[in-house]
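Here is a short briefing to read with the model open beside you. Take it one topic at a time and follow along in the structure.

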Amino acid sequence: MAENLVSSWSDGKSLPESYIFPSGKRPGENVVPTSKSVPVIDLGHINRKETIQNIIEASQEFGFFQVINHGVPRKVFDDTRAAFKEFFALPMEDIANLYSLDLSRKCMLYTSNVDYDKEEIHNWRDSLRLACSPLKDCIQFWPEKPTGYRDVVGDYVMKVREVGSSILELICEGLGLESGHFVGEISQQQVMAVHHYPPCPDPSLTLGTRKHCDPGLITILLQGDIPGLQVLKDGQWIGVEAIPDALVMNIGNQLQIVSNGKLRSVEHRVVTNKDVARYTAALFIEPPRDCIVEPAKALVNAQNPPLYKSARYEDFLHTFRAAYVGKIEDVMEPYMLKT
Ligand code: OGA
Ligand code: NI
């Protein structure tokens with residue numbers, strides 16, 4: 001129900017019990033101001049080999065990196081974020097009909113998580129999930145309001161998807177796979193989650209997004225100018241610097257599997273803040289549901305046995321959702337081969 005949306009009922013003063021995370025899972029615990037930080041990679045750098053090496057190292061060490069000089073004009077980011085803001089500011093009667101937990105919809109407004117009814121504690125966020133592939137068949141289902149939303153956000157998706165493809169090609173080269181390994185089925189599906197994190201009455205007790213790994217191949221996040229994203233590094237949470245011009249990239253579980261564990265999909269979460277609303281957009285590049293994902297043959301041999309089982313992406317997603325609501329501790333564990 002649309003009445004569940006945080007922005008529809010929050011008075012900004014009190015935090016309901018169903019948003020209070022158990023101690024040990026709250027922000028403020030195990031957070032370091034950080035001497036180590038998520039690497040920022042300049043894609044305009046002329047030395048391609050060095051860029052590739054930096055990407056591979058960051059993906060091994062952090063599972064995350066930010067990119068700058070990626071070719072997407074700042075105006076595209078600003079216009080897109082303005083459109084997100086306008087959308088979430090629309091009167092409830094304009095958006096309530098988009099509320100759904102049906103993942104087969106090409107446009108779905110929800111709050112906290114698609115398993116809202118199954119989770120004990122909710123995330124402090126409202127989200128809009130937009131199917132993006134193929135774009136021409138999806139865009140007609142996206143919000144009609146605000147005016148221009150479809151054009152602006154559609155343009156953003158096309159441009160950012162391009163950045164995703166070039167990063168995947170650099171990763172491909174860095175792993176020693178044949179060119180184009182990530183073109184085709186494995187990256188065929190794209191979905192974007194646009195998140196609205198309203199100002200929160202008590203950021204020390206709740207999370208905007210709880211700890212999770214992204215299940216797909218790679219995620220491209222527009223964090224914007226307000227920090228909130230934290231990455232788990234050596235048992236401690238480190239903040240990802242908010243750089244308005246940058247895109248944050250993170251390795252998904254399927255890329256960890258394909259790379260046979262060389263690249264890591266790392267847990268992350270989002271903290272809220274008291275005074276300002278935060279808007280982000282995560283473009284998930286992933287395989288279609290019936291795609292079988294396994295370690296790349298070229299990376300596996302007698303000295304390097306496969307570390308993961310082959311799995312249908314749809315089955316993996318069931319495990320992912322069980323992990324998200326806390327039924328399973330480690331999402332990768334059921335897919336590990338004992339060596
Ligand atoms: C996600 C995610 C981070 C953010 O959508 O998977 O991790 O800052 N989002 O919104
Ligand atoms: Ni994520």
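In this predicted model, a polar side-chain atom of histidine 195 sits 2.7 Å from an oxygen atom of ligand 1. Tyrosine 197 also brings a polar side-chain atom to an oxygen of ligand 1, at 2.6 Å. For histidine 212, the distance from a side-chain N or O atom to a ligand 1 oxygen is 3.0 Å. The protein buries 95% of the 290 Å² that ligand 1 exposes when taken alone.

**Around ligand 1**
- The residues around ligand 1 include Leu221, Leu229, Val270, Ala282 and Phe284.
- Arg278 and Thr280 are also among the residues around ligand 1.

**The nickel site**
- The nickel ion (ligand 2) has His212 (NE2), Asp214 (OD) and His268 (NE2) as its protein donors, lying 2.1 Å from it.
- Along the sequence, these donors follow the spacing H-x1-D-x53-H.
- Aspartate 214 lies in the loop between strands E7 (209-212) and E8 (218-222), while histidine 268 belongs to strand E12 (residues 268-270), so this pair, 54 residues apart, links distant parts of the chain.
- Aspartate 214 counts as buried because its relative accessibility is 5%, under the 20% cut-off.
- Histidine 268 counts as buried as well, because its relative accessibility is 5%.

**Helix H6 and what follows**
- Helix H6 (residues 149-175) has 27 residues, so at 1.5 Å a residue it should span 39 Å; its end C-alpha atoms are 38 Å apart, which agrees.

How values were computed: Residues numbered from 1 in each chain as written. Chains lettered and ligands numbered in written order. Predicted model: local features only at pLDDT ≥ 70, side-chain atom pairs only at ≥ 80, totals over all residues. Heavy atoms only, no water. Helix = DSSP H or I, 4+ residues; strand = E, 2+ residues; numbered from the N terminus. Expected span 1.5 Å × (residues − 1). Donors = N, O, S within 2.8 Å, 3.2 Å for Na, K, Ca; no water. Buried < 20%, exposed > 50% of the residue type's maximum accessible area, 1.4 Å probe, protein only. Near = heavy atom within 4 Å. Polar contact = N/O pair within 3.5 Å; in protein donor to acceptor, adjacent residues only side chain to side chain. Areas by Shrake-Rupley, 256 points an atom, 1.4 Å probe, with all protein chains shown as cover.
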